[in-house]
Amino acid sequence: MARRTLLAVAVLALAGCVAAATKHVSAPAAPPMPHLPTKADRGEPRCPPHARTTVDFGACIGKELLGLDAQFDTAVAAFWPKLDATGKADFSRGQRSWSRYEHAECDAYEREYLGGTEMGIEHAACDVALTRARVVDIKGMLALYSQGV
């Protein structure tokens with residue numbers, strides 16, 4: 001009886017190997033080529049029309065980034081108490097990852113302006129656009145977590 005069971009298992013295993021070997025396996029599809037959003041997609045900083053110089057734009061973007069940082073801090077301060085210890089650790093790890101992404105993304109974006117006076121301005125404009133999106137994400141998470149309260 002044991003021999004018959006062993007033989008049956010071997011036949012089934014062999015049949016599975018043959019079926020797997022004859023099955024067509026295609027190569028995984030290449031991921032789509034990443035692209036940077038256009039300036040319109042990024043939500044450029046809202047500088048007044050009279051800003052004309054690099055210094056004007058730098059001041060405008062800096063002011064907007066400070067405001068977004070304050071919004072982020074406010075949203076995280078409201079969100080933080082809703083998280084347990086694991087959630088806090090996950091959020092912190094995610095924020096560190098997002099920060100690395102943001103720096104790498106903006107470094108890549110500014111390359112178009114390499115050597116020019118707008119290079120730093122464009123990096124900061126990228127910071128503004130991505131930070132604005134991050135604030136929206138955090139506020140969305142806060143709203144989701146607040147539904148049950």
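**Entry 1. Confidence**

I began with the elements of the chain and found that helix α1 (residues 2–22) has the lowest mean pLDDT, 43, while helix α4 (residues 85–110) has the highest, 92. The pLDDT is the predictor's confidence in each residue, on a scale from 0 to 100. I took helices as DSSP runs of H or I with at least four residues, and strands as runs of E with at least two, numbered from the N terminus.

I noted that this is a predicted model, in which local features need pLDDT of at least 70, side-chain atom pairs count only at pLDDT 80 or more, and totals for chains, interfaces and linings use all residues. Residues are numbered from 1 along each chain as its sequence is written, and side-chain values use heavy atoms, with hydrogens and water left out.

For the chain, I recorded a mean pLDDT of 75, with 65% of its residues at 70 or more. Over residues 1–22 the pLDDT stays under 50, and the model has zero contacts there beyond four places in sequence. Over residues 33–41 the pLDDT is also below 50, but this stretch has eleven contacts beyond near neighbours in sequence. A contact means heavy atoms within 4.5 Å.

**Entry 2. Salt bridges**

I searched the whole structure for salt bridges and found two. The criterion was a side-chain nitrogen of Lys or Arg within 4 Å of a carboxyl oxygen of Asp or Glu.

In one of them, Arg 132 pairs with Glu 64, the closest N and O atoms being 2.2 Å apart. Arg 132 lies in helix α5 (residues 119–146) and Glu 64 in helix α3 (residues 54–79), so the pair ties together parts that are 68 residues apart in sequence. I found both Arg 132 and Glu 64 to be buried. Buried means under 20% relative accessible area, exposed over 50%, and partly exposed in between (1.4 Å probe, protein chains only).

Arg 93 forms a salt bridge with Asp 90, with the closest N and O atoms 2.5 Å apart. Both residues lie in helix α4, three residues apart, about one turn of the helix. Arg 93 is partly exposed at 46% relative accessible area, and Asp 90 is partly exposed at 37%.

**Entry 3. Aromatic pairs**

My search of the whole structure gave three aromatic pairs. Rings of Phe, Tyr and Trp (its six-membered ring) pair if their centres lie within 6.5 Å; planes under 30 degrees apart count as stacked, over 60 as edge-to-face and the rest as tilted.

The rings of Phe 79 and Phe 91 have centres 5.5 Å apart and planes at 70 degrees, so I listed the pair as edge-to-face. Phe 79 is in helix α3 and Phe 91 in helix α4, twelve residues apart. Phe 79 is buried at 2% relative accessible area, and Phe 91 is buried at 10%.

Phe 79 also forms an edge-to-face pair with Tyr 145, at 5.0 Å centre to centre and 85 degrees between the planes. Tyr 145 lies in helix α5, so this pair with Phe 79 of helix α3 ties together parts that are 66 residues apart in sequence. Tyr 145 is partly exposed, at 42%. I noted that ring pairs link Phe 79, Trp 80, Phe 91 and Tyr 145 into a cluster.

**Entry 4. Helix α4**

I looked up the buried residues of α4 and found, among them, Gly 87, Phe 91, Trp 98 and Cys 106.
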